[in-house]
Amino acid sequence: MNTGSNGTEAAVAADEAKPTTRGERVESGEGEREAAGKPLGSRAPEFIKARKTLHLSWQVGVFVVGLAVVAAGAAMLVLPGPGWVVIFGGMAIWATEFVWAQLVLRWTKRKVSEAAQRALDPRVRRRNITLTVIGVVICAVLAGIYLWKFGITLPWKIES
């Protein structure tokens, strides 16, 4: 089973991948800056990586724990709880060991930061504020028309 977690294999199948100092490959752009501090691959202790059987059982353990956390997060999407936060926590657990999870997490972080930058754009903020004000005015006009036509009638009768 090739998980790409040792330091000698290619980690990314991207067209514009560039090699790092340890032999892994990362996407160019934003991932390049992140890869400078954190190379792709297993973050298991060296004594575990040195023994193939121990490393494989370590990977199985990390996978099972990450799967349990992701499953709990998926359940929290329909049940009360912070579902997406827990799912991303499970992905972070997987990313400590598996290159594919590291790449998914990097892609997700990049997309979230791009969305945050777009949301902070002054034109987008002005548009959102304008649409909100228009929506509030429409709701207020509709509520005024309803009250003018039907008045305030309580569903219960209170007699003094």
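## Phe 98 and its partners

At a relative accessibility of 5%, Phe 98 counts as buried. Phe 98 also forms an aromatic pair with Trp 100, and this pair is stacked, with 6.1 Å centre to centre and 25° between the planes. Trp 100 counts as partly exposed, at 39% relative accessibility. The model described here is predicted.

## Aromatic pairs

A pair of aromatic rings is described by the distance of the centres and the angle of the planes. The count comes to 6 aromatic pairs. In one of them, Phe 63 and Phe 98, the ring centres are 6.3 Å apart and the planes stand at 85°, so the pair is edge-to-face. This pair links distant parts of the chain, 35 residues apart: Phe 63 belongs to helix H3 (residues 52-78), while Phe 98 sits in the loop between helix H4 (83-95) and helix H5 (99-119).

Phe 63 has a relative accessible area of 35% and is partly exposed. Together, Phe 63, Trp 94, Phe 98 and Trp 100 form one aromatic cluster.

## Packing of H4 and H5

The axes of H4 and H5 cross at roughly 135° and come within 7 Å. That angle makes H4 oblique to H5. The crossing of the two helices is left-handed.

On the H4 side, the contact is made by Phe 88, Met 91, Ala 92, Trp 94 and Ala 95. H5 contributes Trp 100, Ala 101, Gln 102, Val 104, Leu 105 and Thr 108. By class, the contact of H4 with H5 has 9 nonpolar residues, 2 polar residues and no charged ones.

Definitions and conventions:
Residues numbered from 1 in each chain as written. Predicted model: local features only at pLDDT ≥ 70, side-chain atom pairs only at ≥ 80, totals over all residues. Heavy atoms only, no water. Phe/Tyr/Trp six-rings, centres within 6.5 Å; stacked < 30°, edge-to-face > 60°. Helix = DSSP H or I, 4+ residues; strand = E, 2+ residues; numbered from the N terminus. Buried < 20%, exposed > 50% of the residue type's maximum accessible area, 1.4 Å probe, protein only. Axes fitted to C-alpha atoms, helices over the stretch in contact; angles between N-to-C directions. Parallel < 35°, antiparallel > 145°, perpendicular 65-115°, else oblique. Left-handed = near helix turned anticlockwise from the far one by under 90°. Contact = heavy atoms within 4.5 Å. Nonpolar A, V, L, I, M, F, W, Y, C, P; charged D, E, K, R; others polar.
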